[in-house]
Amino acid sequence: MKYERLTQEQLKEMHKEFINFLASQSITKEEWEDIKTHKPQVAEDELDVFSDLVWEGVLNKVNYLEHFSPQQLFLFEFTDQYINLIGIKIENEAVDINTKEGFQWLRDNLLNEDIQIYTSQKALSEDRNKDIFALIKQGAHITKGKLYQYFNAMVEK
């Protein structure tokens with residue numbers, strides 16, 4: 001597997017897509033039931049292939065990720081060649097930006113000396129989607145990039 005198998009919950013949500021996936025391989029419902037019963041490894045392999053296809057489709061569309069921790073925020077933008085990072089570090093341990101109050105404190109105190117904002121750029125590897133998936137596995141979440149764009153406008157000035 002290139003990525004990881006979808007969870008049972010995710011597979012349930014994608015039930016129709018999985019049926020279409022099986023149909024594209026000319027596997028009927030009855031054949032699928034037989035495969036699950038008599039060839040469990042083949043069924044596992046099919047779930048793995050389907051999961052990788054789903055992940056590939058999702059990752060192809062990702063342009064932004066965010067990763068929050070109590071005192072740090074990492075905002076990622078993915079271009080064709082680079083991963084651009086805006087990092088925000090809060091030196092005040094009383095502030096937890098994972099909370100509504102902590103995030104509001106950050107918004108209200110952007111010029112406070114307890115806040116450090118920095119940028120970085122790194123070339124993507126040969127496999128862009130694997131780079132993105134690795135960050136997701138570390139806790140990053142896919143976003144539309146509004147927070148990245150907001151801070152990017154600030155740091156570009």
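**Figure 1. The centres of domain 1 and domain 2 lie 35 Å apart in this predicted model.** This separation is taken over C-alpha atoms. The domain assignment of the chain places residues 8-60 in domain 1 and residues 64-156 in domain 2. Where the domains touch, domain 1 supplies five residues, and domain 2 supplies six residues.

**Figure 2. About 450 Å² of area is buried between domain 1 and domain 2.** The size of an interface is often expressed as the accessible area that is lost when the parts come together. Here, carbon and sulfur atoms give 65% of the buried area. On the side of domain 1, the residues that lose the most area to domain 2 are Trp55, Leu59 and Asn60. Together these residues account for 83% of what that side buries.

**Figure 3. Three residue pairs are in polar contact across the interface of domain 1 and domain 2.** Both residues of each pair have a pLDDT of 80 or more. The number of salt bridges between domain 1 and domain 2, by contrast, is zero. By class, the side of domain 1 that touches domain 2 consists of three nonpolar residues, one polar residue and one charged residue.

**Figure 4. Phenylalanine 18 and phenylalanine 50 form an edge-to-face pair of rings.** The model contains 10 aromatic pairs. In the pair shown, the ring centres are 5.0 Å apart. The ring planes meet at 75°, and the pair is therefore edge-to-face, a class that requires an angle over 60 degrees. Phenylalanine 18 belongs to helix H2 (residues 15-24), whereas phenylalanine 50 belongs to helix H4 (residues 40-60). The pair therefore ties together parts that are 32 residues apart in sequence.

**Figure 5. A salt bridge joins the side chains of aspartate 127 and lysine 2.** Side chains of opposite charge can pair when their charged atoms come close. The count for the model comes to six salt bridges. In the one shown, the distance from N to O is 3.0 Å. Aspartate 127 is found in the loop between strand S4 (115-123) and helix H6 (128-137), while lysine 2 is found in the segment before helix H1 (8-13).

Terms used
Residues are numbered from 1 along each chain as its sequence is written. This is a predicted model: local features need pLDDT of at least 70, side-chain atom pairs count only at pLDDT 80 or more; totals for chains, interfaces and linings use all residues. Side-chain values use heavy atoms; hydrogens and water are left out. Domain bounds come from an automatic or database domain assignment. Contact means heavy atoms within 4.5 Å. Buried area is the accessible area (1.4 Å probe) that two parts lose on being put together, summed over both. A salt bridge is a side-chain nitrogen of Lys or Arg within 4 Å of a carboxyl oxygen of Asp or Glu. A polar contact is a pair of N or O atoms within 3.5 Å; within protein, one must be able to donate a hydrogen and the other to accept it, and residues adjacent in sequence count only if both atoms are side-chain atoms. Ala, Val, Leu, Ile, Met, Phe, Trp, Tyr, Cys and Pro count as nonpolar, Asp, Glu, Lys and Arg as charged, and the others, Gly among them, as polar. Rings of Phe, Tyr and Trp (its six-membered ring) pair if their centres lie within 6.5 Å; planes under 30 degrees apart count as stacked, over 60 as edge-to-face and the rest as tilted. Helices (H or I, at least four residues) and strands (E, at least two) are DSSP runs, numbered from the N terminus.
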